[in-house]
Amino acid sequence: IAEVESSGGAYSDATRVEPHLRERAKIAHPEESALYGDLLISSVGPFQLLAVTALELGFTGHPIDLQKPEVAVHWAIAYLNRRLHTCDATQALREAKSEREKIEIIGDIYNSGRTGDSNIPAVYMHRLAQAYFKNKE
């Protein structure tokens, strides 16, 4: 996932603000919003995980700490595990006819938050499968 999200970590120090989350973060996390501002609603680190998502998973550090691969990987796995258990992923993964299809389902879940809906990040899913098989060799 880091290969696709940040070119294998090459852009781990890059952040991308998601302004559409600003009001929701201020309501749900007023103290952290005041403390970190737009950094709380930014995708951070090698997995480009939203800092607010990591916070909701139990992360208590500074959002910039998510730039460290050894920190980020824990929270990316926690996010993916949560999504796998809270959407229709189990059934979709069982029905997948190939390893490539399973990887693409995981890419859909990581990128869009669920599978089997109308939001299908096809290019992302394809890129993730390519990266997976390239690194598997």
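Predicted model: local features only at pLDDT ≥ 70, side-chain atom pairs only at ≥ 80, totals over all residues.
**Aromatic pairs**

A pair of aromatic rings is described by the distance of the centres and the angle of the planes. The structure holds three aromatic pairs, and two of them are given in the table, Tyr79 with Tyr110 and Tyr132 with Phe133.

| Pair | Distance of ring centres | Angle of planes | Class |
|---|---|---|---|
| Tyr79 and Tyr110 | 5.5 Å | 85° | edge-to-face |
| Tyr132 and Phe133 | 5.0 Å | 85° | edge-to-face |

Planes over 60 degrees apart count as edge-to-face, so the 85° between the rings of Tyr79 and Tyr110 puts that pair in this class. The pair links distant parts of the chain: Tyr79 belongs to helix 5 (residues 69-86) and Tyr110 to helix 7 (residues 99-112), and the two are 31 residues apart. Both Tyr79 and Tyr110 are buried.

The 85° angle between the planes of Tyr132 and Phe133 likewise makes that pair edge-to-face. Tyr132 is partly exposed, with a relative accessibility of 31%. Phe133 is also partly exposed, and its relative accessible area is 22%. Buried would require a value under 20%.

**Gln48**

Gln48 sits in the loop that runs between strand 2 (42-44) and strand 3 (49-50). Its phi is near 45°, which is a positive value in a residue other than glycine. Gln48 has a relative accessibility of 16% and therefore counts as buried.

**The largest pocket**

Rolling a probe the size of a water molecule over the atoms shows where empty space is left. The largest pocket holds about 580 Å³ of space. Which residues lie nearest its centre? They are Gln48, Leu50, Tyr79, Tyr110 and Asn111, out of 21 residues that line the pocket. Gln48, from the loop described above, is thus found here together with Tyr79 and Tyr110, the two buried partners of an aromatic pair.

At least two lining residues come from each of helix 1 (2-6), strand 3, helix 4, helix 5, helix 7 and helix 8 (122-136). Helix 7 gives the largest share, three residues. By class, the lining of the largest pocket has seven nonpolar, seven polar and seven charged residues.

**The cavity**

The structure holds one cavity of 30 Å³ or more. The volume of the largest cavity is about 40 Å³. Its lining consists of Glu32, Tyr36, Leu40, Ala51, Leu55, Phe59, Gly61 and Pro63. Helix 3 (30-36) and helix 4 (51-57) are the elements that give two or more residues to this lining. Sorted by class, the lining of the largest cavity has six nonpolar residues, one polar and one charged.

Methods. Residues numbered from 1 in each chain as written. Heavy atoms only, no water. Phe/Tyr/Trp six-rings, centres within 6.5 Å; stacked < 30°, edge-to-face > 60°. Helix = DSSP H or I, 4+ residues; strand = E, 2+ residues; numbered from the N terminus. Buried < 20%, exposed > 50% of the residue type's maximum accessible area, 1.4 Å probe, protein only. 1 Å grid on protein atoms, 1.4 Å probe; cavity = no way out; pocket = protein on both sides within 12 Å on 5 of 7 lines; lining within 4 Å. Points joined across faces, edges and corners; volume = space filled by probe spheres on them. Nonpolar A, V, L, I, M, F, W, Y, C, P; charged D, E, K, R; others polar.
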